[in-house]
Each structure stands twice: as C-alpha cells, then as structure tokens.
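Please review the following briefing alongside the sequence and the model.

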Amino acid sequence: MQRQGSLGGRAAFRLRTTGGVLLVLHGALVAWLMLRPRDVPWVAPPNLHPLATVRADLRLGWPGALRPLAEGLGLLAPLGVLLPLAHGRLRVSPVASLARTVAAGALASVAVALLQTGVPGRVVDVDTLLLNTAGVAVAHLAVVPAARFLLRRRAERAGSPAVSGQDRNQGRTPTIPRVGIAPWSDAVPPSAP
C-alpha cells in the first residue's frame, strides 16, 4: 500500500534511494570538512551574539565577505533538496515541507556545532548556525516546489494512479451499510443490587 500523494512503483524507489544515498554522502562530506582538527596558532573566541560575525565580515567589504557568507550558506544547503527527495512525496503542503526541511537543517547544523566543541581549532559560532539554516531554506524554496510541480505534471500526463490519490489496481474501498444503534436498555444488562 502506498501513501497518498507519493510517487508509485519503481520511480519512487529510485528517487528515494538516490536521495538517501546522496544524503549519506553529503553528511560524510560535511563531517569531513567540519570535524577535522585545524592546526592554527590561535583560535577566535566563540561567538554567541547573533549576526556579529556577519557584520564583521561585511565590514571587510563585499569581496572579503563573500567567501565566508557563501561558505555558511552553502555548507548544508543541499539538505534543502535532498531531504524532500529522500522523503519522496509529490503532494504535500509546501509550508509543511519547508518547515520540516528547515527544522531538520537547523538540527543538523546544531549537531555539527556541538560535535565541533571537542575538535581542536574549532569554535562555536551562532552565525554559522543561522547561515546554514538560511542556506537550507533558500535551496528548498529555489528547487523543491518547481521540481514537485514538474513531477506531478509528468505523472498526470502518464496517467499515474499515485497522483489521483486512489490505487486503481485495488479498486474502490468497500463500504459497510449503516446499522442503527440499539436503545440503551437493550445494550446494557440490568444491574442487580
């Protein structure tokens, strides 16, 4: 039995499998990039003030600020596409999909930040969490709604039963005719004192 609004058959399996494999590979790449110890002579103190690092980067001018901001936005941005791909549903509320994906991206960013506390040369920066989460949201908004629209349209042209919401192979769900409710006195035996 398939979920309503999900892709059906082999296409769904291939998309979910591809999404899952790419998700694991992206997670391994992020872990390799962010959890390696850095050999540096000094480390900046942790930043717990929102947007302080972003403002400091912007004071350097756009050429100097572009790289750190792009790194922050781009690190977890693929999650914005890979998480819905691994989920594999075509008919889902765009707001709910965005909320789930952004929440998962924020949790992944927090997990990386917490793991970095034990790595030499790495410090926690709240702006990195904000930029990573914003990157997930931007990637999701830029790709997922359009991709779902195209896949739904393609499935409708092919006459796929997954889009209509009813599995045509099994037919209609049988219904049971209504049965009246028995009177109270017939339903409960009299109580004996």
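The points below concern a predicted model. Local features need pLDDT of at least 70 and side-chain atom pairs count only at pLDDT 80 or more, while totals for chains, interfaces and linings use all residues. Residues are numbered from 1 along each chain as its sequence is written, and side-chain values use heavy atoms, with hydrogens and water left out.

**Fold and surface**
- The chain holds eight helices and zero strands (DSSP runs of H or I, at least four residues, and of E, at least two, numbered from the N terminus).
- Of its 193 residues, 26% count as buried (under 20% relative accessible area, 1.4 Å probe, protein chains only).

**Residue Leu83**
- Leu83 belongs to helix 4 (residues 79–87).
- Leu83 counts as partly exposed because its relative accessibility is 23%, between the 20% limit for buried and the 50% limit for exposed.
- Leaving aside residues up to four places away in sequence, Leu83 touches Leu23, Thr101 and Ala104 (heavy atoms within 4.5 Å).
- Thr101 lies 18 residues from Leu83 along the chain, and their C-alpha atoms are separated by 6.5 Å.
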